[in-house]
Amino acid sequence: MIAFQLKRSSRDLVGQAILILFPLILIFFFDYLYKNINIETGMGMGGQSRITALAIGFALTFQIYGSAISFETLAEDLYSPMHDRIFSSPVDIRKIIVSILLSSTVVSFLQTSILLVFSSIILGASFPSLPLVMLVLLASVVFNQLFGTVLMLLTGGVKTANMVTTIYGSIVPMTVGLYFPLPQTAFFRILRLYGTPMGLANTASLAVMEGQIRLFLICLASLLLLIVLLFFCLRPLVRRISI
Amino acid sequence: MGLWSQWAGKTTCIRSIIGLIPIDEGTITVFSQNQDGKNREIRRNIGYVTQEITIYEQMSGRDNLAFFASLYGMDKQSIARRIEEVAQVIGLEGRLDDKPKHYSGGMKRRLNIGCALMHRPRLIIMDEPTVGIDPQSRSFILSFVKQLAKEGSTIIYTSHYIEEVEAVASRIYIMDSGHMIAQGTLPELIARIQGDHFIEVEVRIASEEKKQQLLRLPDVKEVALEGTHYRIVVPGGIPVLDKVVLILSEQGLVTINTKQPNLEDVFLTLTGKQLRDEVPS
């Protein structure tokens, strides 16, 4: 079943290309724009290059848009005539949901990985402590997929979920300081570092590359906690649609 | 097998039988088991062909068949074997590796049916499986349904096309406004209505005098004369054709048509409504 869902999730080649090429273009564009300005990562980048920070930032941003992979796939099964076909079978609907979430996570994580590889090869970004960075990015993917799915199940359709994730994906990168420097106040510093799930993932990624393991662990643990919370939100929602 | 008018509640009825929606009162027994909506054993033995085409257009025909079979717990080897059998039955052998978005409407309908047959269900429920397809595909599906029935499958087939029901149904259930109003074989249902028969006679030269003569026949209820056409109404089952022919033979007979009551007349008599497509007000 997972193989089928994996194939299904990865069939939209145009969508995949957009989620890989568009951030690459943006990374290149913002790198060019900020050549003479220090980008505000809130991390004191130290030895890390701007392009690395941008690559992480845009990878995390486009993971938010990538959450549509799971909820749009799920909506096709749950909120269309396909519902009756699937629910008339003896399959446990949780199996379907888990397989879609897993396959969408794999696809979104692959997009992120390809983006990092291209950023490294084409734009010269470097990623110290790559396995731990990837761990953070994986946690972020899982969060975003669960977040989109919970939204979709809560609202009973893709329309609101799409709208919320689009707005969320537009605003949150700004709070992380990805597009422009933020004011140097305590409020904005906290917002940038810990205020959003994307902020936590961004901080954790940059921290581990800087060797700040304590900060990395705090942010990753917070992100994992959010994932657990979303998982608990998901359970009653799945039960509600199960027969 | 059944006949329903549109908006009769047929999909609701089917969804209740499958256990997709709860029922307000009463019980539904399927395979001698109570359908409470949670009985997976019942679902395991039902193949549901939805009215809308419910296949994944972006996945190949083979992937579709395999996926829906996997929902019924079939293992990979059995699925691979069964795909070839089903593909042959639905006539898609050479097109299994194509995506349904490249199929014709009829081919999609056939794949839609094939997906419901993969797990060899004891009961096949087909909800208007021929809606919106070309005559060849419709004919293919009807023959195929008859073949399935001949092989021993139990099929619930819903349609508001009379000719389809007459062609495939061994037993007919008529439903209207959420109620099952009649059931039986086609001859049984027709016998229930005792409807009038119509005799239409075209002659070379018609006359009012002959019309009056026809009206004087003891079993004739009504005679209408339009141009050179007589339309004679007689109670069902009364043999008067020979007497009609005798009276009109001097007028120069051109054509004679008799019309037996059909399923549409049964429906009309029982519900007072035409089988219709419009939304009720």
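1. What pLDDT does chain A average, and what share of the residues score at least 70? Chain A averages a pLDDT of 88, and 94% of the residues score at least 70; pLDDT is the predictor's confidence in each residue, from 0 to 100. This is a predicted model, in which local features need pLDDT of at least 70 and side-chain atom pairs count only at pLDDT 80 or more, whereas totals for chains, interfaces and linings use all residues. Residues are numbered from 1 along each chain as its sequence is written, while chains are lettered from A and ligands numbered from 1 in the order in which they are written.

2. The highest value is found in α7(A), at 95, and the lowest in α2(A), at a mean of 84. Over residues 40–44 of chain A, pLDDT stays under 50. For this stretch the model has 14 contacts beyond four places in sequence, a contact being two residues whose C-beta atoms, placed from the backbone, lie within 7 Å. Where pLDDT is low, the predicted coordinates should not be read in detail.

3. Chain A has 11 helices and zero strands. Helices (H or I, at least four residues) and strands (E, at least two) are DSSP runs, numbered from the N terminus. The radius of gyration of chain A is 18 Å, close to the 18 Å that the globule rule gives for 243 residues, so chain A is as compact as a globular protein of that length. The radius is taken over C-alpha atoms, and the globule rule is 2.2 Å times the number of residues to the power 0.38. Along the principal axes, the C-alpha atoms of chain A fill a box of roughly 60 × 35 × 30 Å.

4. Burial and contact range in chain A are as follows. Of its 243 residues, 44% count as buried. A residue is buried if 20 or more other C-beta atoms lie within 10 Å of its own, exposed if 12 or fewer, and partly exposed in between, with C-beta atoms placed from the backbone. Among the contacts in chain A with a separation of 6 or more, 78% are between residues 24 or more positions apart.

5. The largest nonpolar core has 60 residues. Such a core is a set of buried Ala, Val, Leu, Ile, Met, Phe, Trp, Tyr and Cys residues joined through C-beta atoms within 7 Å. The residues with the most contacts inside this core include A55(A), V136(A), A204(A) and L223(A). Elements that give two or more residues to this core include α3 (50–66), α6 (93–123), α7 (130–155) and α11 (213–241) of chain A. The most is given by α7(A), with 13 residues. A204(A) touches V136(A), F216(A), C219(A), L220(A) and L223(A), not counting residues up to four places away in sequence. Apart from this core lies another, of 45 residues, among them I90(B), C115(B), V168(B) and M175(B).

6. Chain B contains 11 helices and 12 strands. Its radius of gyration is 24 Å, whereas a compact globule of 281 residues would have one near 19 Å. The C-alpha trace of chain B spans about 80 × 45 × 35 Å along its principal axes. Buried residues make up 32% of the 281 residues in chain B.

7. The two chains touch through 22 residues of chain B and 16 residues of chain A. On the chain B side, the elements that give two or more residues are α1 (10–18), α2 (40–44), β4 (46–49) and α3 (61–70) of chain B. That side divides into nine nonpolar, six polar and seven charged residues. Here Ala, Val, Leu, Ile, Met, Phe, Trp, Tyr, Cys and Pro count as nonpolar, Asp, Glu, Lys and Arg as charged, and the others, Gly among them, as polar.

8. Strand β11 (residues 229–235) of chain B has alternating side chains. Strand β9 (residues 196–203) of chain B runs antiparallel to β11(B), joined by seven bridges; two strands pair if DSSP finds at least two bridges between them. In this pairing, I199(B) has I232(B) as its bridge partner.

9. Strand β10 (residues 222–226) of chain B also pairs with β11(B) in the antiparallel sense, over five bridges. L225(B) stands opposite Y230(B). The two strands β10(B) and β11(B) form a hairpin with two residues between them, and G227(B) in the turn has a positive phi of about 65 degrees.

10. L241(B) lies in helix α10 (residues 241–248) of chain B. L241(B) is partly exposed, with 15 other C-beta atoms within 10 Å. Not counting residues up to four places away in sequence, L241(B) touches I199(B) and T258(B).
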